[in-house]
Amino acid sequence: MFQIARFSPRRLGHRPSVSVTVRPTKPDVIIARSIAGNTAPAPEQVARALTWGADEKVLLVLAAAGWLASRGREAPLRRAGNHALLVTVGATLLPHGLKLVFDQTRPDRRTVIGHVHGIPLSGKRKDAFPSGHALHMGALASAASELPAGPRRAIRAIAVGLSLTRIVILAHWASDVVAGFALGAVLERGLRLWTGYPNGISKEDDHADS
């Protein structure tokens, strides 16, 4: 999957930096070819619209609004607001940093038939690994562990569904999405040590729902 680091000009001006080329796996290629050959403009447009639900700009606005709303409230809500904002900022910065190191061509740049069937172009050509959208969703799914069973399951289902839209529109290989989701969960758990989250939200209905 990974190729030995090479020396190449990158995004920070014209200064050279070390980058690692990431290759898609065989399952990645099989999945992407199947989507490219069997999709259509209508489902691609739907997936393209849905994927905005995991966009960093949208999530940053929501996290900032939640943080402002939590000011002046009880300590658990303030802690949750701090945690949500910090995790969202971290999940925004982390993939940008990783994409300075890792090079991987997006699957939508490696298909012609896919574009005939409605596949759009997403982001920069070499920015496939990891999926930033999935990283945000992994963090969200991890943070939801402190909610009651019903909301927890709903949020996790939404997080997985929005992550999968990145595969459907061929913005990322399947492994990019899996990696991003896992990184998001790790990031969220790590930042708990700093923010003091979880904040005591009750999960007492878990037994009733199980």
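1. The model is predicted, with local features requiring pLDDT of at least 70 and side-chain atom pairs pLDDT 80 or more, while totals for chains, interfaces and linings use all residues. Residues are numbered from 1 along each chain as its sequence is written, and side-chain values use heavy atoms, leaving out hydrogens and water.

2. The axes of helix H4 (residues 75-101) and helix H8 (residues 174-195) come within 9 Å and cross at roughly 135 degrees, which makes H4 oblique to H8 (neither under 35 degrees, nor over 145, nor 65 to 115, on a scale from 0 to 180 degrees). By class, the contact of H4 with H8 has 8 nonpolar, 3 polar and 3 charged residues.

3. The largest pocket has a volume of about 660 Å³ (an open set of points on a 1 Å grid where a 1.4 Å probe fits, with protein on both sides within 12 Å along at least five of seven lines; lining residues have an atom within 4 Å of a point). Of its 28 lining residues, Ala-80, Ala-84, Thr-88, Leu-140 and Ala-143 are the closest to the centre. H4 gives the largest share of this lining, 8 residues, and the lining of the largest pocket comprises 19 nonpolar, 7 polar and 2 charged residues.

4. For the second largest pocket the volume is about 510 Å³, and of its 22 lining residues Lys-99, Arg-106, Gly-123, His-133 and Arg-166 lie nearest the centre. Its lining has 4 nonpolar, 8 polar and 10 charged residues, with the largest share, 4 residues, coming from H4.

Key
Helix = DSSP H or I, 4+ residues; strand = E, 2+ residues; numbered from the N terminus. Nonpolar A, V, L, I, M, F, W, Y, C, P; charged D, E, K, R; others polar. Points joined across faces, edges and corners; volume = space filled by probe spheres on them.
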